[in-house]
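Please consider the structure shown below together with its sequence.

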Amino acid sequence: MSTQTVRTRLVILSDTHTASPLPPSDPTHAYRLPLPKADVLLHAGDITKVGYLSEYQAMFDMLKAAPAELKLVIPGNHDITLHEEFYVRGTGKDKHTRAAWGMEDVQKIRDMWMGEEAKMAGIVYLEEGVRTFELRSGARFTVYSSPWQPEFYDWAFTYPRQVDRFNPSPPVVKDKTANPVPNHPEIDIMLTHGPPKGILDETDRGELVGCDHLSRAVRRCKPRLHCFGHIHEGWGAGRIDWRTKSFEQVKTIKLQVFEDRCASVDIGEAGDKPLKWGQETLFVNASIMDVSYNPTNAPWVVDIDLPKKQDNN
């Protein structure tokens, strides 16, 4: 292995919708206790069904118990109380707004995810932007995160499909992109709720519903890993070769996934096919729920080489 990188194990979840892992003896699904041990756990949003405090508490307790040093969490469109502007506005268009089901304590919810208890458990709540993290192993890596995705009924963290949140705005544009995705090689991992267009984003009706602008941004960024959820039917993983634009799906064996309680892929130097950073990106849709909101999908485990913190002495 290169002396400039550290082999690191990631566990990736998304779209749990308040479903904790099933008991170890459950004979039906791979999403069951205990969660695989990892250095970093990534949760790509839709933590809850509709953002009740009690739902967050259940998921917070689950993440506290998860065996990982660092746990990075973003919200999704169902986590409406974490999008305070949307929630307080309460449009009343449908049952998902406060007008229909009462008011939750938004500040108490945010304090849960950003308070001392979360910090002690290794839980870091992320919004849109760039953060760098260090692990006890010496790995130092940079994450771009965003809970936003194109318009999706009357849910949170959405934007009109024609709006570009992810790429730098031309100088003549008045309303600049607030948090554009940086160019390669600044970002190691992208963590977004929604998928890019054409990558693990196909619905059960055959529609590709990912974001075109996010797709352009990830082509510029070329991270080692881009993980997301949102489209339950898109569960899976695959790597793209940016030179040829070819996409290779990661094959899984159902029985093995069940026994391991996860689907796994090794893109580190110790694996069969190490990732060529800058030339390839691994994409993971880690939606736990299927399209009928049953927790039939497994978490993903990714073994990856991340940059090693450089000694300035």
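The model is a predicted one. Its secondary structure consists of 7 helices and 15 strands. The radius of gyration of the protein is 19 Å, close to the 20 Å that the globule rule gives for 313 residues, so the protein is as compact as a globular protein of that length. The C-alpha trace extends over about 60 × 55 × 50 Å along the principal axes. Of the 313 residues, 54% count as buried. Among contacts with a separation of 6 or more, 74% involve residues 24 or more positions apart.

The side chains include 38 positive and 43 negative ones, and the centres of the two sets lie 4 Å apart.

Attention now passes to strand 14, which comprises residues 280-285. What is the burial state of the residues of strand 14? With a cut-off of under 20% relative accessible area for burial, 6 of the 6 residues of strand 14 are buried, so this strand is largely enclosed by the rest of the structure. In a regular strand the side chains alternate between the two faces of the sheet. In strand 14, Glu-280, Leu-282 and Val-284 lie on one side, Thr-281, Phe-283 and Asn-285 lie on the other, and both faces are covered.

Which strands pair with strand 14? One partner is strand 10, residues 225-228, which pairs with strand 14 in the parallel sense over 4 bridges. Within this pairing, Cys-227 stands opposite Val-284. Another partner is strand 11, residues 236-241, which runs antiparallel to strand 14 and is joined to it by 6 bridges. Here Arg-239 stands opposite Leu-282, and Asp-241 stands opposite Glu-280.

Strand 11 itself has 6 of its 6 residues buried, so strand 11 too is largely enclosed by the rest of the structure. Gly-236, Gly-238 and Ile-240 are buried on one side of strand 11, while Ala-237, Arg-239 and Asp-241 are buried on the other. Strand 11 also pairs with strand 12, residues 246-249, in an antiparallel arrangement of 4 bridges. The bridge partner of Gly-238 in strand 12 is Gln-249. The hairpin formed by strand 11 and strand 12 has 4 residues between the strands, and Lys-245 in this hairpin takes a positive phi near 65 degrees.

Gln-279 is partly exposed, with a relative accessible area of 30%. Leaving aside neighbours within four places in sequence, Gln-279 is in contact with Ile-240, Asp-241, Trp-242 and Arg-243. Of these, Ile-240 and Asp-241 are among the buried residues of strand 11. The C-alpha atoms of Gln-279 and Lys-222 are separated by 7.4 Å, with the two residues 57 positions apart along the chain.

Methods
Residues are numbered from 1 along each chain as its sequence is written. This is a predicted model: local features need pLDDT of at least 70, side-chain atom pairs count only at pLDDT 80 or more; totals for chains, interfaces and linings use all residues. Side-chain values use heavy atoms; hydrogens and water are left out. Helices (H or I, at least four residues) and strands (E, at least two) are DSSP runs, numbered from the N terminus. The radius of gyration is taken over C-alpha atoms; the globule rule is 2.2 Å times the number of residues to the power 0.38. Buried means under 20% relative accessible area, exposed over 50%, partly exposed in between (1.4 Å probe, protein chains only). Contact means heavy atoms within 4.5 Å. Lys and Arg count as positive and Asp and Glu as negative; His and the chain ends are not counted. The place of a charge is taken as NZ of Lys, CZ of Arg, CG of Asp or CD of Glu. Two strands pair if DSSP finds at least two bridges between them.
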